[in-house]
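Good morning, everyone. I would like to take a few minutes to walk through one structure, going from its contacts between chains down to a single residue.

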Amino acid sequence: MSAYQNLEQMKGDFYTQKFEAGKQDGTLIINMGPQHPSTHGVLRIVIEVDGEYIVRSEPVLGYLHRMHEKMGETQTWGGFIPNMGRVDYGHPMAWNWAYVGAVEKLMGIEVPERAEYLRVIMTELNRLTSHLLWWGAYILDLGAFTPIMYAFDDREMLLDILQRPSASRLTYSNFRVGGVQMDLDDKCLELIRTFIPHFRERLPMYHDLVTENLILRRRIEGVGIIDEDMCQRYGCTGPVLRGAGVAYDVRKDEPYSIYDRFDFEIPTQDSACSAGRYHVRVAEMEQSLRIIEQALEQLPSAEGKHIMDKAPKPSMKPPAGEAYFAVEGGRGKIGVYVVSDGSKVPYRVKLRAPGFSNMNAFAEAAKGTILADAVAILGSLDLIIPELDR
Amino acid sequence: MLQLLEGIPTQCVAKQDKVSTGRAWSVFLAPAQIVKTARKLYEAEYSLEDVFALDIEEGFLVLYHFNRWNVDERVVLRVLISKDNPTIPSIASIFDGAEWHERETRDFHGVNFEGNPNLVPLLMCVEDVDFHPLLKTDKKRKQIKDLLNLGEVVSCNKEIEALFAEAEAEVASDA
């Protein structure tokens, strides 16, 4: 025993000490994070390794916990919308939608047709930015620097488009109960119309550059199996579930808004590994383009304005009751549950984050893989830490 | 759903209005029945969406949301437990994902999930193990009948009916 092991500060914190209790002989306990670059935020995973193999692991959350649910109980119904842009910086539009959708359910509000189209267009554009962010960062995690430059090149165009109707580039909060804050102007529609063929042209280059790359395939194929049964037990949704061969998408299976008017497919993969999840997300980008195209075509004939007449003020008072609303976000099923006691302030807001359930399956998926695979698995789950910790 | 619940002593089964609540069924259960019901739901291919608690005057109402992948039939299980002894069996042995949801509920409300393999703080810090941020003050806390609707009742025992009784009487008198 070296002198260091007697030092109080070398013992580790509560989680390390608790984790150490089950340690086998000859293994090593390491902390991956909270500052590890591949965790994209402050996620910490305590890992026990035998040589290079992971014996067991335990994610430690809470480093980015901001207690959004408490904030929901202290501000007005409308005042909580900006929080929704900050829960998940990857796909904030979907969170906006989940929250205002739940409140609209509670109040029995029907949104004008035009607002529905605008919501679809903006949410799908945001899904593209979310997937591009994941794509670039995932490949970066696995050691290739160039692809993120291409991804951010295209993402930049999308941000330029989205900042016109939302006045922000990352933490969007432009949904309102009853519609959206601003209509898309002509310039914005033109930008979207030019972006679609441009991005279609770029996608094959993405595949040539990365998807078929042998090094990438060796890193992700067959790594981190999360099969259908695991998804059911952990409640995984989104590309993780579709990567396990289940064609479940809230947009199709629990149709909301006007998604039933569009012709699009739900890409699935049967391999249940990191590569499966990779292929699902890349294929989803093409489907989002299809939805946007159709929505743009139908938009001129949509009735109504971008927001309903006499839309509720931020200090609205929904009738007492409860409502649950789920939408499909970039990472899976986003659910918002609200309870009202008839006052200006929500009684309870519960946020169901898809990443939370997806991350829960990590420990089981990573067991028996090598340490470098842990990075490949983490990236394939498309983690957004603020969403995990809320 | 009714078929699935056969053999389980429920406190109250009610249909919910999907348009206004986003759910198909609401089931009140005694704490002792939750594990058995969860197992039945697992066998019927339901997947867990979330577990959380509501702080109300009658105690803690612990809610479980389940849904199936190819049939949209969201179920909410509700278990009312007392504040004096907020303990409820854990369903983490059936739905592994419940472990984190239960830990989060313990953090926020102080509900103790018996049998959870790792009931330590998840989102809150270890130093604040006894601090539960989502507990309401007495002034803000409401009764269950002021918050929730029972829905279209299929079967219901007297205790649960009594919780909602006054609200319905008030509605009747208003009419």
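**From the interface to one residue**

Let me begin where the two chains meet: 35 residues of chain A are in contact with 33 residues of chain B, contact meaning that the C-beta atoms of two residues, placed from the backbone, lie within 7 Å. Please keep in mind that this is a predicted model, in which local features need pLDDT of at least 70 and side-chain atom pairs count only at pLDDT 80 or more, while totals for chains, interfaces and linings use all residues. Residues are numbered from 1 along each chain as its sequence is written, and chains are lettered from A and ligands numbered from 1 in the order in which they are written.

On the side of chain A that touches chain B, the elements supplying at least two residues each include helix H1 (14–20), strand S7 (332–340) and helix H13 (354–360) of chain A, where helices (H or I, at least four residues) and strands (E, at least two) are DSSP runs numbered from the N terminus. The most comes from S6(A), with 5 residues. By class, that side of chain A holds 13 nonpolar, 9 polar and 13 charged residues, with Ala, Val, Leu, Ile, Met, Phe, Trp, Tyr, Cys and Pro taken as nonpolar, Asp, Glu, Lys and Arg as charged, and the others, Gly among them, as polar.

Within chain A, the domain assignment gives domain 1 (3–60) and domain 2 (68–389), such bounds coming from an automatic or database domain assignment. Their contact takes 16 residues from domain 1 of chain A and 19 residues from domain 2 of chain A, and S3(A) provides the largest share of the domain 1 side, 6 residues.

How do H4(A) and H5(A) lie relative to each other? Their axes, lines fitted to C-alpha atoms over the stretch in contact, with angles running from 0 to 180 degrees between N-to-C directions, come within 8 Å and cross at roughly 140 degrees. The two helices are therefore oblique to each other, given that under 35 degrees counts as roughly parallel, over 145 as roughly antiparallel, 65 to 115 as roughly perpendicular and the rest as oblique.

Finally, Asn96(A) lies in helix H4 of chain A, and counts as buried because it has 28 C-beta neighbours inside 10 Å, where 20 or more make a residue buried, 12 or fewer exposed, and anything in between partly exposed. Leaving aside neighbours within four places in sequence, Asn96(A) is in contact with residues including Ile81(A), Met84(A) and Tyr172(A).
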